[in-house]
Amino acid sequence: MDVDAFLTRLRAARDYRDQIVHTHIIDARPARFAEPESPIHPWLRDALANEGIDRFYTHQSAAIDAVSKPDPNDIVVVTGTASGKTLCYNVPVINALLDDPDARALYLFPTKALSQDQLGTLDRLCQGNLCDRVRASTYDGDTSPAKRRTARNTANIILTNPDMLHASILPQHGSWAKERFLTNLRYVVIDEIHAYRGTFGSHVAGVIHRLRRLCRHYDSDPVFICCSATIANPGELASNLIGRDVRVIDDDGSPRGRKHFVLWNPPFIDQPQLERRSANMEAQSLMRRLIIDGAQTITFARARVVTELIYKYLSEDLEKSHPKLARRVRPYRGGYLAGERREIEEQLFSGKLLGVCSTNALELGIDVGGLDAAIMTGFPGTICSIWQQAGRAGRTREESLAIFVAYNDPIDQYFMRHPDYFFGQSPEHAAIDPFNDKILESQLKCAARELPIAQGDNELFRHDVLATCEKAMNDDAPNPPTADVEMWRQWPDGRYDYHRTDGRLPHHLVSLRIISDVTFDIVDITGGRSESIGNVDSISAPELIYPNAIYLHNGENYLVRELDFDGKIARVERNDVDYYTQVVLSDHCKVVETINTTGDVDAGEIHFGKLDVTWQSVAFKKIKYYTLEVIGQDALDLPPQTIHTTGLWATFPRNLYRDLSTAGYKPVEAMVGVRNLLLVTLPMLAMCDRRDISGCVDSSNLGQLAMFVYDRYDGGLGYAKLGYEHLGELLRVCHTLVTECPCEGGCPSCVGLANLRPPIHSDPDVGSAYAIPNKSATSMALDRWLA
């Protein structure tokens, strides 16, 4: 792709209005090769040659040697998108299977789609002589019971996800032991480890510790091969996940073509310069030009509805001018059926598709080949994500183009005004805390059900797990003693086991993820048919498939006729309307019980206790396609969704409200700024991810303005409790952060980037974004509060 020529044509176009505010050039680099010292089996050499691979990049060679030598290292490979990380584990694994027919390997991916994609990669590589020696199979929720048995009995590479390992494989370890899978387990691959952060990552670490424990029981000690996108602390994250030190391999030897990274700001469309042209329409226009030029393009969107809107606008546009090209574009997102997703992936990889509009579902490492261009519609929330998305464009030696199209919201517009800030930001840290009391106890219940917990497990878990078991047993013991459902038991030799009198496995009561695994089936009833066309998780259902909503699927309108909560079904039918719908959410935080209080009204009160956080779909707007005109709004009567959690809440010192107003500031702005800073600093202390906590500013609970910070997890996980206990320390860190930030009025690095739960299925073009609070007001509030 000739990027310079394309950008020149863009600037010369009649509708160009100086949207390009900055172009950042990432220079090309040549490949660097190295030959592994470890011998590669001739059959594997031949298979690689058939794929056009006759040499290894430096990082691939280093990884192969590190895990293949007599005293192998656990490793984490941290290199760019499309740098060949897959070979870092496939080569040593297949080599081991060829040398030892009894050897086994376990591949873990964060999604089922990635498992399927990597199974296809293995199938393409393992032709000819390798067919009988390499027997790979997926083992996940889409795998039938019969195929699961076959996989357990015959496969020597199992591709699965942490949820399946936790809830199915580990509790049935005896069945796997019969086939000597765990006894002969040589390698465990954990791909995309940057996805394992916060609460989810902390649970996954517990699952990996349990796997290592069972391997030790069956006399194996597998080598761990981890792969990650670029984050600030890959070695620390990998080490915390697996429970032992790892070697970081980050000397990327893969070639890279020249990349142009463009910041594109839609033009103003009104005289006061308050409203900009639709970012979705700008992205669609850019994608159209690229596809007509023959550039294979992916456009990322922040929400499912935006993916469908951009695809709908694009396909209707191309149908008028280039109908053949219209059939070479598809949307891709969560909620599509597995077969449909795999068909799109294959078409994109093979080149049959010229364009795809996607949510972040294609951000992870599904192999879609080397694309020419990537368009990011709106900031995805992290620097790591935007570079992952931009990295989807770029063949090994050819030029590529990445375009960040901004919405008219404060964060996107800040990046447009400060490109040096945007390109100078380092990727975020990924934090986990496997020793969080509630997470560790839930994982130890599962471990104790698998095998009694003994003294030797302290070293494996890097924690005094016997003490944790003793505490859990004492805390759970009923007083007076009764036939309780949960039973911890201590053996005479000091070991602990766990069981439930109702016969249920603790594994099935412990979810690794915050989101619900209950799904609603979306059924097309058009013309009397009854055909499933998609699904959606139960938390998203009231925001996406409420009665009379327009559900967009492959660019087609479906009117939701019924949402059946009992049957977990949404019935929809095709409908030719000229609008789409957007939900209106109401959310509320209610104090249920105050457990602790410090301070007083004059100095500011600080509380910790139980909260109910409720959100509800209360209405929906009808938005006209293309013009974004609101042509109607209807009320909804749907049940609210509530998490019962724990949190801290605090008020300013009494005189501070008056002093802020006297200085010309709004107290609510100052409090929102402090709240935003706490949502940034608390994860540093609690070792959680920003997505694990949230907050609000509210006056309905106390009769005066107060800020709330809470755990986004039913029952709470102790993050907000830590915040309550260390609030003074956290406020001092907040003060340092805001005073040392070089910005003038506030920015995403200090008071600006709120981590709140947005309507996750709304179009940012017609939704209101969170404003950046006043930095001076926030600074003044912290000064007085800490005085």
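Leaving aside its neighbours within four places in sequence, which residues is Tyr107 in contact with? In this predicted model, the partners are Tyr89, Asn90, Val93, Leu122, Ile157, Ile158, Leu159, Thr160 and Val189.

Tyr107 also belongs to the largest nonpolar core, which holds 116 residues. Together with Phe404 and Phe652, Tyr107 touches the most other members of that core. A second core is separate and has 45 residues, including Val3, Leu325, Tyr407 and Leu559. In soluble globular proteins, nonpolar side chains tend to be buried together.

| Core | Residues in core | Members named |
|---|---|---|
| Largest nonpolar core | 116 residues | Tyr107, Phe404 and Phe652 among them |
| Second, separate core | 45 residues | Val3, Leu325, Tyr407 and Leu559 among them |

Next, a helix pair. Helix H4 spans residues 85–99, and helix H5 spans residues 112–125. Their axes lie 12 Å apart and pack at an angle of about 55°. H4 and H5 are therefore oblique to each other. Their crossing is right-handed. H4 contributes Thr86, Tyr89, Asn90 and Ile94, which meet Gln118, Thr121, Leu122 and Leu125 of H5. The residues of this contact divide into four nonpolar, four polar and no charged. Tyr89, Asn90 and Leu122 are also among the partners of Tyr107.

Now a loop residue. Phe56 sits between helix H2 (42–50) and helix H3 (58–68). Phe56 counts as buried because its relative accessibility is 2%, and the cut-off is under 20%. Not counting residues up to four places away in sequence, Phe56 touches Arg32, Phe33, Ala34, Pro36, Ile40, Arg45, Leu48, Ser61, Ile64 and Val91. Pro36 is 20 residues from Phe56 along the chain, with 7.8 Å between their C-alpha atoms.

Note on methods. Residues are numbered from 1 along each chain as its sequence is written. This is a predicted model: local features need pLDDT of at least 70, side-chain atom pairs count only at pLDDT 80 or more; totals for chains, interfaces and linings use all residues. Side-chain values use heavy atoms; hydrogens and water are left out. Axes are lines fitted to C-alpha atoms, for helices over the stretch in contact, and angles run from 0 to 180 degrees between N-to-C directions. Helices (H or I, at least four residues) and strands (E, at least two) are DSSP runs, numbered from the N terminus. Angles under 35 degrees count as roughly parallel, over 145 as roughly antiparallel, 65 to 115 as roughly perpendicular and the rest as oblique. A crossing is left-handed if the near helix is turned anticlockwise from the far one by less than a right angle, and right-handed if clockwise. Contact means heavy atoms within 4.5 Å. Ala, Val, Leu, Ile, Met, Phe, Trp, Tyr, Cys and Pro count as nonpolar, Asp, Glu, Lys and Arg as charged, and the others, Gly among them, as polar. Buried means under 20% relative accessible area, exposed over 50%, partly exposed in between (1.4 Å probe, protein chains only). A nonpolar core is a set of buried Ala, Val, Leu, Ile, Met, Phe, Trp, Tyr and Cys residues joined through side-chain atoms within 4.5 Å.
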